[in-house]
Amino acid sequence: MLAGKRILLIIGGGIAAYKSLELIRLIQKAGGVVTPVLTRAGAEFVTPLSVGALAKAKVHQALFDLTSEAEMGHIELSRSADLVVVAPATADLLAKMAGGRADDLASTLLLATDKRVLVAPAMNVRMWQHPATRRNLAVLQADGVLTVGPDEGEMACGEYGPGRMAEPAAIVAAIGAALGGGPLAGRHVLVTSGPTHEPIDPVRYIANRSSGAQGAAIAAALRDLGAKVTFVTGPAEVAAPGGVAVVRVETAQEMAAAVSAALPADVAVMAAAVADWRVVNASAQKLKKDGSGTPPALEFGVNPDILATISTGAQRPRLVVGFAAETTDVVAHATAKRLRKGCDWIVANDVSPATGIMGGTENAVTLISKDGAEVWPRMSKQAVAQQLAARIAEALV
Ligand code: C5P
């Protein structure tokens, strides 16, 4: 999968550095060549000897190393690879990258490179959730830095939550996708996400509780499999993932126009919670209390059904996936919806408040296709996204 590809692997200082040794092995097994860089902190966790022996290459450690500079300067080192991978990417390394610092070899290479960068964050859950790390990650993703993980689970520090470095096999898959070798390479996938806002007047609108978390995770998972993703999003709480083409819209009508402008696509995943109705007598001025005590009468009109339109349109993607957020009889309603809308699959879920799914981090879905209903266990929205992306890749073969 990585035949002849050159990976500059920067190993940061975290307990997950031990997994980087396995990562080196797996990259080589896939045909890749590793040039290792070990940060000062990284060398506290794994030795240059084990890294160099496994990589069968010189381990680069110091910025001001005259022998290295004479052999291959740091600028050349940063550019001679096909991809730069940072694993583990510690909170400190991410902060340095986001700030454009260059005070050691690793950060200098990351600033000097003209190649794509893939980071595999690994840190304590509090550090991962800290607003500073969130900010740094958002900056990096906006810069086009690719991410893989972190996973959720038990951490070396004894805490539980997101922060564990992605497994080496997942990092190798992400490397393959970043280099254009993923199973969805060359495919264009359209993803809709988030709520829509339907104005009542210039300051008020009707919306719903969709956070956009599931749609964003799906776009990221499809991107990680190598797809070119167009991400049409309403005003969501969750940030759009990096490495996808983002089209921001507010209303259902705008979303419908953006979706049709994004065609043709091989696949459409319509995860947006589109408002069914809009206010047709929305006021151009802010509505005022007129003193009579009578509230304004809002008149509703029906919004375009984007999913049904794309499913029956002339430019129908080969695979159209809809969502069904239900609060009762999930499978029966979703099965009927699949036929009514004309899509291939429906990802159905129960969004009754008691499930905590709407706006939460987990999802419990049932995949409805012509072959019937398949109940998936409750898992993180990220895991649902990865499983769905993998199924999409299979379906396109
Ligand atoms: O009709 P309902 O909202 O239950 O169907 C949900 C599915 O239909 C989702 O995939 C949603 O993105 C899509 N939808 C749409 N346009 C609408 C309403 C829903 O594309 N106006």
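Of the 397 residues of the protein, 50% count as buried. The model is predicted. Its secondary structure comprises 14 helices and 21 strands. The radius of gyration is 24 Å, close to the 21 Å given by the globule rule for 397 residues, so the protein is as compact as a globular protein of that length. The C-alpha trace spans about 80 × 55 × 40 Å along its principal axes.

At methionine 270, a polar backbone atom is 2.6 Å from an oxygen atom of the ligand. Isoleucine 306 also contributes through its backbone: one of its N or O atoms there lies 3.0 Å from a ligand nitrogen. Lysine 341 uses its side chain, where an N or O atom is 2.8 Å from an oxygen atom of the ligand. Taken alone, the ligand exposes 440 Å². The protein buries 87% of that area.

Salt bridges number 17 in the structure. One of them pairs glutamate 167 with lysine 19, with an N to O distance of 3.4 Å between the side chains. Glutamate 167 sits in the loop between β7 (160–164) and α9 (168–178), while lysine 19 belongs to helix α1 (residues 17–29), so this pair ties together parts that are 148 residues apart in sequence. Glutamate 167 has a relative accessibility of 35% and counts as partly exposed. Lysine 19, at 10%, counts as buried because it falls under the 20% cut-off.

A second salt bridge joins the side chains of arginine 204 and aspartate 201, with N and O 2.5 Å apart. Arginine 204 is partly exposed, at 35% relative accessibility. Aspartate 201 is buried, and its relative accessible area is 2%.

Elsewhere, salt bridges with shared partners connect Lys96, Arg101, Asp103 and Asp104 into one network.

The surface also carries a nonpolar patch. Trp277, Leu298, Phe300 and Val302 make up this patch, which covers about 440 Å². Valine 302 is part of strand β15 (residues 300–302). The relative accessible area of valine 302 is 66%, so this residue counts as exposed.

Key:
Residues numbered from 1 in each chain as written. Predicted model: local features only at pLDDT ≥ 70, side-chain atom pairs only at ≥ 80, totals over all residues. Heavy atoms only, no water. Patch = residues over 30% accessible without salt bridge, like charges linked within 9 Å, V, L, I, M, F, W, Y side chains within 5 Å. Areas by Shrake-Rupley, 256 points an atom, 1.4 Å probe, with all protein chains shown as cover. Salt bridge = Lys/Arg side-chain N within 4 Å of Asp/Glu carboxyl O. Helix = DSSP H or I, 4+ residues; strand = E, 2+ residues; numbered from the N terminus. Buried < 20%, exposed > 50% of the residue type's maximum accessible area, 1.4 Å probe, protein only. Polar contact = N/O pair within 3.5 Å; in protein donor to acceptor, adjacent residues only side chain to side chain. Rg over C-alpha atoms; globule rule 2.2 N^0.38 Å.
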